[in-house]
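Please consult the sequence and the structure shown here while reading.

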Amino acid sequence: MYRVRPSHEEPKLSEIALPPIAFMGLVSGTISVDSFLSAGLGVRTACAENGLLGAGARFLDVGCGCGRVARTLIQDPIGAYVGFDRHWPMISWARREIASADPRFQFDHFAVTSHYDHIDGVEGTVDVKEFRWPYEDNSFDSVLLASVFSHMPMDEIRVYMRQIHRVLAPGGKVFASYLLKHQVEAEMEGFNYLFDPEEIETMLREELFEARFVEETSQAWWVATPIK
Ligand SMILES: C[S@@+](CC[C@H](N)C(=O)[O-])C[C@H]1O[C@@H](n2cnc3c(N)ncnc32)[C@H](O)[C@@H]1O
C-alpha cells in the first residue's frame, strides 16, 4: 500500500511549488500566501506537539485539500503519508507537485457528497454516510482532520469517526479541529458547524474514543485515542 522513500532523497519544503491561488482560497478562506503557509505550519507544530509525527508514523490526512499540511511534513521522519479529499483538481495538483517529490506521499480522490459543495460547487456521487474508506483496519498511527469536521454536521462526523476507529492502530491518535459555539458568531449550513466541547466529548465517548481537549481558541482542537 505504501511506497518506501529511498534514503538518499531529501526533498525540502522550499522545493515544493505553491498551489494555484484559487486552491489556497478554497482551503484557507482567504486569498493570502502568508496565511496559507502559516496555517499549514501551525497545524504541523500542533501535530508534532501532540505526538502524531513520530519516526515511521503512518499518517492519514482526511480532507487534505491541496496539501497545505502535507507540504510541511516533507522533512519530518514519518513513514508514510496518505491524504484524501473529494476535490479532484486539488488532489491531482498534490499528486503532481508533492507526491512526485517524495514517494512516501500518496493522495487519493473519493467523490463523496459534502456540504462543502456550497463553497466549491463540486458535487459528490458517493453518499458520504455509506462511504467505507478503502484502507485496511489498524493501518494508520495518526489521523488528522484540519478544518474538516468544522465543515461537517454531527451525523457525518460520527460516520467518519467509525472509519477512524477502524483504521487507527491500537494506541493511535486522531487530531481534529472544531469551531466553538461560544466563540464563532454564526453557524452557516454548508459552511461551518459549531459545537460545544460537551457535544464532542459525548460523541467521542459513544464512538469509543478517549479524548483530550487541546486549546480554547476560536478553532479548538481535540486529540483522541480509540478504545480497542
Ligand atoms: C477548509 S478545507 C481544509 C483542507 C486541509 N485540511 C487543510 O487544512 O488545508 C476543508 C477540506 O475538506 C474537504 N472535505 C469536505 N468534506 C469532506 C468529506 N466528507 N470527506 C473528505 N474531505 C472533505 C474539502 O474538499 C476541503 O478540501
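## Ser38 and the basis of the model

Ser38 is found in helix α2 (residues 33-49); helices (H or I, at least four residues) and strands (E, at least two) are DSSP runs, numbered from the N terminus. Residues are numbered from 1 along each chain as its sequence is written. The model is predicted: local features need pLDDT of at least 70, side-chain atom pairs count only at pLDDT 80 or more, and totals for chains, interfaces and linings use all residues.

Ser38 is exposed, since 12 other C-beta atoms lie within 10 Å. A residue is termed buried if 20 or more other C-beta atoms lie within 10 Å of its own, exposed if 12 or fewer, and partly exposed in between, with C-beta atoms placed from the backbone. Ser38 and Ala99 are 61 residues apart along the chain, and their C-alpha atoms are separated by 21 Å.

## Strand pairing

Strand β4 (residues 140-145) is largely enclosed by the rest of the structure, because six of its six residues are buried. Strand β1 (residues 58-62) runs parallel to β4 and is joined to it by three bridges; two strands pair if DSSP finds at least two bridges between them. Within this pairing, Phe59 stands opposite Ser142 in β4. Strand β5 (residues 168-180) also runs parallel to β4, with five bridges joining the two, and Leu144 stands opposite Phe175 in β5.

Strand β2 is mostly covered, with five of its six residues buried. β2 pairs with β1 in the parallel sense over five bridges, and Gly83 in β2 is the bridge partner of Asp61. The pairing of β2 with β3 is likewise parallel, over five bridges; here Gln106 in β3 is the bridge partner of Val82.

## Helix α3 and its two faces

In helix α3 (residues 88-99), the buried residues are Met90, Ile91, Ala94 and Ile98. These residues lie on the same side of α3 because they cover an arc of only 95° around the axis, the arc being that of the directions from the helix axis to the C-beta atoms. An α-helix has 3.6 residues a turn, so residues three or four places apart point the same way.

The cover over the buried residues of α3 includes α1 (21-28), β2 (80-85) and β3 (105-109). The face turned away from the buried side of α3 carries the exposed residues Trp88 and Arg96.

## Nonpolar core

The largest nonpolar core holds 56 residues, of which Phe59, Ala70, Tyr81, Val143, Leu144, Phe175 and Ala176 touch the most other members. Such a core is a set of buried Ala, Val, Leu, Ile, Met, Phe, Trp, Tyr and Cys residues joined through C-beta atoms within 7 Å.

Apart from neighbours within four places in sequence, Ala176 is in contact with Leu145, Phe149, Trp221 and Trp222. Contact requires that the C-beta atoms of two residues, placed from the backbone, lie within 7 Å.

## Ligand surroundings

The ligand is surrounded by 18 residues, and the closest are Gly63, Gly65, Arg68, Ser114 and Ala146.

## Positive phi values

Most residues other than glycine have a negative phi. Ser147, in the loop between β4 and α5 (154-167), has a positive phi near 55°. Ser147 counts as buried, with 21 C-beta neighbours inside 10 Å.

Leu208 also has a positive phi, near 70°, and lies in the loop between α6 (197-206) and β7 (209-213). Leu208 is partly exposed, with 13 other C-beta atoms within 10 Å.

Note on methods:
A residue is near a molecule or strand if its C-beta atom, placed from the backbone, lies within 6 Å of it.
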